[in-house]
Every structure is written in C-alpha cells, then in structure tokens.
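This briefing concerns a single structure and is arranged by topic. Please keep the sequence and the model at hand while reading.

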Amino acid sequence: QGYLESYLFSERQAKMAKAKAKASKPAGGKAPSRAVPESIKKKQASEKKIADVAKAEAATAEKKAKDDVKIFADNAAKYQAEYEAAEKLAIANRRSAKANGGFYVPAEPKLVLVIRIRGIIGVTPKSKKVMQLFRLRQIHNATFVRLNEATVRMLRLIEPYVTYGYPTRATVESLIYKRGFAKLSKQRIPISENEVIESGLGVKTAGAIRCTADLVHELVTVGPNFKAANNFLWPFKLTSPRGGFSSKTKLLHFMEGGEAGARGEEINKLVKRMI
C-alpha cells in the first residue's frame, strides 16, 4: 500500500512539473533567449571588421598577383625580343663588314664580373681598400662592376688578387637564379620570388625594376638604375672551382697561364665551374 501511494505521488509531481514548464514557454514554443552582454557584442563587431578588412586585402593581393604575372611575362617577352634583335644586328654588321673587306669592331663592354681568388695574406693596404669598395671582402666573392676610366684603374691595382671578365646574359641569369641574395634592411634575403625584388627596388627605381627579368635587363644593359640594382644584390658567394686552381700558376696572370687578372669572355667558363 505504501509503495503504491509513493508511486502515485511521484506521478502527480511529474505531471505538475510538466504542466508548469509548458505554461512557462512562450507561444512560439521556443525557450526564452538570454541577453548578449555588451562586451561580447563589441568583440564580435571588431572581429567582423578585422575579418572584412583581411578579406578585402586578400582579394586585392590576389588581383595584383594576377596582374603582375601578365606584366612580368610581357616584360620578359619584350626583353627577349630586344636581346634577339641586338644579336641579329651584330651578325648582320659582321657579315656586312666581311663582304666589304673590312672588320667589325663591337662596342666596348660596359659590365665586368670581378671574382676574388686570393685571401688576406700579402694584400697591400691600397688594394685592400679597393676590394672593400668593390665589396670583395672574402675569397671567392663576386660582384658586378660598371666599366669606366676610374674602375679600370682600380681593377689594375687589384689584378694580382682577383680575376675579371665580361659576363654573358646567361651567366648573369645563372648567378641571380642560383646564387642571388638581396640586401633588405641590412639582411641577406634569398631572391626566391619577385616580391623580394619589388620590395627592395620597386620604390627606389619608380617601378622600373619589379621582377627578375627587369633586374637582369638592368644589369646586362647597365641602365640608369644600375647602381641601385647592383647595391641591392648581396655579393655572390661562389665555391672553389671544380678541379681547383693550380697551386703553381694561381698567382700568375691569366695571359701567362695563371688565374689572376683580366680573362675576357673566359670568365663565363670559370663561373660555370664555381656555381
């Protein structure tokens, strides 16, 4: 009897609680929502604003990247056509000179690549200063130098410690692609994308140099922004040449069978062994 009464009492209590909960619900059948604190609302608004700005910036960057790809491709094609036209003109001039019984003398090169091949032992103070000006502070460092009367005299002063010659466009491209590092905020940054070149030279050159093709063209042609482009590049750090230098003839001039001094077009073969 007692068990039955307790069961009926619990049933009545459950029905009363159910009826009370049903009566407290609004007409729509949904439970009443809590008020959102003001601090949460401000945080949500600020997060939404930040997300909208980031989304807009990402869209702008994506559009700029697509436009840049087209611009850089057009620049590369324009430079390639310019190089081919110059080569065809040189061939035509040589053929014309030969047909007329004369000789064709090409224009004097404007660019040389200087490679340091000796260390610090036995270097005179004046030669040491010249190599510092050329940024050749370590053995097997290499830099581009614009040829003029002053630099020619400086090169003659340091001939026993360096070797130099006239690099081809292929050599310049190979050095930048394989050993190219930029100087950004006094740091050595690898040139792994065009954005590095644009951030370092875009403003300085008023947008004239924004990609690798622009940089190579400026160096090869020794254009008006050559100084900014050359200073932007960290001195190339090359390795010992495959096969090595001869210990007996390394200190001799190249014209005497050694390695030092001017070597003209033969510098390209040496760079190929040192990359």
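In which helix is V271 found? V271 is found in helix α9, helices being DSSP runs of H or I with at least four residues and strands DSSP runs of E with at least two, both numbered from the N terminus. The model is predicted: local features need pLDDT of at least 70, side-chain atom pairs count only at pLDDT 80 or more, and totals for chains, interfaces and linings use all residues. Residues are numbered from 1 along each chain as its sequence is written, and side-chain values use heavy atoms, with hydrogens and water left out.

**The sheet**
- An open sheet with mixed pairing is formed by 5 strands in the order β6-β2-β1-β3-β7; two strands pair if DSSP finds at least two bridges between them.
- Because β6 (236-237) and β7 (261-264) stand at the edges with a single partner strand each, one side of each is left without a neighbour in the sheet.
- Strands β1 (residues 111-116) and β3 (residues 162-165) run antiparallel and are joined by 4 bridges.
- Opposite R116 stands V162 in β3.

**Helix α9 and V271**
- Helix α9 (residues 267-274) lies across β1, β3 and β7, at about 45° to β1.
- V271 counts as buried, at 2% relative accessibility; buried means under 20% relative accessible area, exposed over 50%, and partly exposed in between (1.4 Å probe, protein chains only).
- Apart from neighbours within four places in sequence, V271 is in contact with L113, I115, T171 and L175, where contact means heavy atoms within 4.5 Å.

**Helices α2 and α7**
- The axes of α2 (residues 38-99) and α7 (residues 212-221) come within 9 Å and cross at roughly 30°; axes are lines fitted to C-alpha atoms, for helices over the stretch in contact, with angles from 0 to 180 degrees between N-to-C directions.
- That makes α2 roughly parallel to α7, since angles under 35 degrees count as roughly parallel, over 145 as roughly antiparallel, 65 to 115 as roughly perpendicular and the rest as oblique.
- From α2 the contact is made by N75, A76, Y79, E82 and Y83, and from α7 by A213, D214, V216, H217 and T221.

**Positive phi in loops**
- H140, in the loop between α3 (125-133) and β2 (141-146), has a positive phi near 70° although the residue is not glycine; H140 counts as buried at 9% relative accessibility.
- A206, in the loop between α6 (194-201) and α7, has a positive phi near 55°, likewise in a residue other than glycine; at 74% relative accessibility A206 counts as exposed.
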